[in-house]
Amino acid sequence: MKIGDLQIDNPVFLAPMAGVSDYPYRQIIRDMGCQLLYTEMVSSKGIAYGNEKTEELVEYNKKDGFIAVQIFGEDPAFMASAAAHIQEKYAVNIIDINMGCPTNKIVKNGSGSALMKDLKKAGSLIKAVVTAVDIPVTVKIRKGWDDRHINAVETAMLAEEMGVKAVAVHGRTHEEFYSGKADWQIIKAVKEKVHIPVIGNGDIFQPEDAVKMIEETNCDAVMIARGVQGNPWLIKRAVHAIKTGELLDEPTDREIIEMALYHLKKSVDFYGEKRAIPLMRKHLSWYLKGRPYSSKIKEKLNYLKSYRSVKEVLQDYLMKLSN
């Protein structure tokens, strides 16, 4: 598939996830064969005001693929300025506009999925961003605001009209948040109405899900979010399943804990011990989920504050798995 002039061969993308798809984890996902990574969502006003932590979210390397920076905001001028700044300073491949985040702190100011309630405003904002940069602009949307306002098709058609080069569709409304089951038929409906690539998102937890979504919706690629939490192998396994029809083996318990240790080290190297350890607690919990005798390990890790102590607990657990 192509997004603008970008040729992308592996149709499995990492979704933007706040507090998850950071630089250390994106490097791991890249090694799993993901050609297009999305950053955590970046505040357009944070960029405008020079917030250092906001700029940190954009950190990346170009090895083996492309990167999209997702920005959010409700003001077209701020969004356009942020997009232009990010393109100029970081030479990224894609600017993505967040029109899907359902969290209250985002929508209360008119950003995220709240933009789907005001398509006139959304159109102005999209056009401002597209005009401000000369790289592809994409948009991530939801099914709609609620079951009474299902407008993903209308929103996607508007985005295409404004110059957007691809649209990602999450099969839930704002009101559903992440509950229930994603509606893949809305992805199919969008695909039938637009001429730009459509990226399907929602409820991909196994490689078979990625294959099934493409078959059922005819979408051009899939975007995986919660499915990769503690499971970066899902990217590699999904790409392989789509391309060959074969299923690679799931990682062993030992491989999973070894990855947890590797991820921990990358996070400490990037953030420093003081910041990395609290940030890694959720990741370590995901890696440990469903593993033998892991409940006490997870409880212990929640109280540890040093890299050495966390590393030792994981290494001891790894030895127990080997016995």
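User: At what angle do helix H4 and helix H6 pack, and how far apart are their axes?

Analyst: This is a predicted model, where local features need pLDDT of at least 70, side-chain atom pairs count only at pLDDT 80 or more, and totals for chains, interfaces and linings use all residues. Residues are numbered from 1 along each chain as its sequence is written, and side-chain values use heavy atoms, with hydrogens and water left out. Helices (H or I, at least four residues) and strands (E, at least two) are DSSP runs numbered from the N terminus; axes are lines fitted to C-alpha atoms, for helices over the stretch in contact, with angles from 0 to 180 degrees between N-to-C directions. H4 (residues 76-90) and H6 (residues 119-132) pack with axes 8 Å apart, at an angle of about 25 degrees.

User: Which orientation class does that give H4 and H6?

Analyst: Angles under 35 degrees count as roughly parallel, over 145 as roughly antiparallel, 65 to 115 as roughly perpendicular and the rest as oblique. The angle here is about 25 degrees. H4 is therefore roughly parallel to H6.

User: Which residues of H4 and H6 meet, and how do they divide by class?

Analyst: Contact means heavy atoms within 4.5 Å. From H4 come Pro-76, Met-79, Ala-80, Ala-83 and Ala-84; from H6 come Ser-124, Leu-125, Ala-128, Val-129 and Ala-132. Ala, Val, Leu, Ile, Met, Phe, Trp, Tyr, Cys and Pro count as nonpolar, Asp, Glu, Lys and Arg as charged, and the others, Gly among them, as polar. By class, the contact of H4 with H6 has nine nonpolar, one polar and no charged residues.

User: How are H9 and H10 oriented to each other?

Analyst: H9 (residues 207-217) and H10 (residues 233-244) have axes 8 Å apart. Their packing angle is about 45 degrees. H9 and H10 are therefore oblique to each other.

User: Which residues of H10 does H9 meet?

Analyst: H9 brings Pro-207, Ala-210, Val-211 and Ile-214 to the contact. The residues of the H9 contact with H10 divide into eight nonpolar, no polar and one charged. On the H10 side they are Leu-234, Arg-237, Ala-238, Ala-241 and Ile-242.

User: How are H11 and H12 oriented to each other?

Analyst: H11 (residues 253-271) and H12 (residues 273-288) pack with axes 9 Å apart. The angle is about 160 degrees. H11 and H12 are therefore roughly antiparallel.

User: How many nonpolar, polar and charged residues does the contact of H11 with H12 have?

Analyst: H11 contributes residues including Ile-256, Met-259, His-263 and Tyr-271. H12 contributes residues including Glu-273, Arg-275, Met-280 and Leu-288. By class, the contact of H11 with H12 has 14 nonpolar, three polar and two charged residues.

User: How many residues of H1 are buried?

Analyst: Buried means under 20% relative accessible area, exposed over 50%, partly exposed in between (1.4 Å probe, protein chains only). In H1 (residues 23-31), the buried ones are Tyr-23, Pro-24, Tyr-25, Arg-26, Ile-28, Ile-29 and Arg-30. They pack against strands E3, E4 and E6, and against H10, H11 and H12. H1 is largely enclosed by the rest of the structure, so the count is seven of the nine residues.

User: Which residue caps the N-terminal end of H1?

Analyst: A side-chain oxygen lies 3.2 Å from the backbone nitrogen of Tyr-25. A polar contact is a pair of N or O atoms within 3.5 Å; within protein, one must be able to donate a hydrogen and the other to accept it, and residues adjacent in sequence count only if both atoms are side-chain atoms. The capping residue is Asp-22.

User: Which backbone oxygen does the side chain of Arg-172 reach?

Analyst: Arg-172 lies in strand E10 (residues 166-173). At 1% relative accessibility, Arg-172 counts as buried. Its contacts beyond four places in sequence include Arg-142, Phe-177, Asp-203 and Arg-226. At 2.8 Å, the side chain reaches the backbone oxygen of Gly-180.

User: Is His-170 buried or exposed?

Analyst: His-170 also lies in strand E10. Not counting residues up to four places away in sequence, His-170 touches residues including Lys-140, Tyr-178 and Asn-201. At 5% relative accessibility, His-170 counts as buried.

User: How far apart in space are Ile-186 and Ala-152, C-alpha to C-alpha?

Analyst: Ile-186 lies in helix H8 (residues 184-193). At 9% relative accessibility, Ile-186 counts as buried. Ile-186 and Ala-152 are in contact. They are 34 residues apart in sequence, and their C-alpha separation is 7.3 Å.
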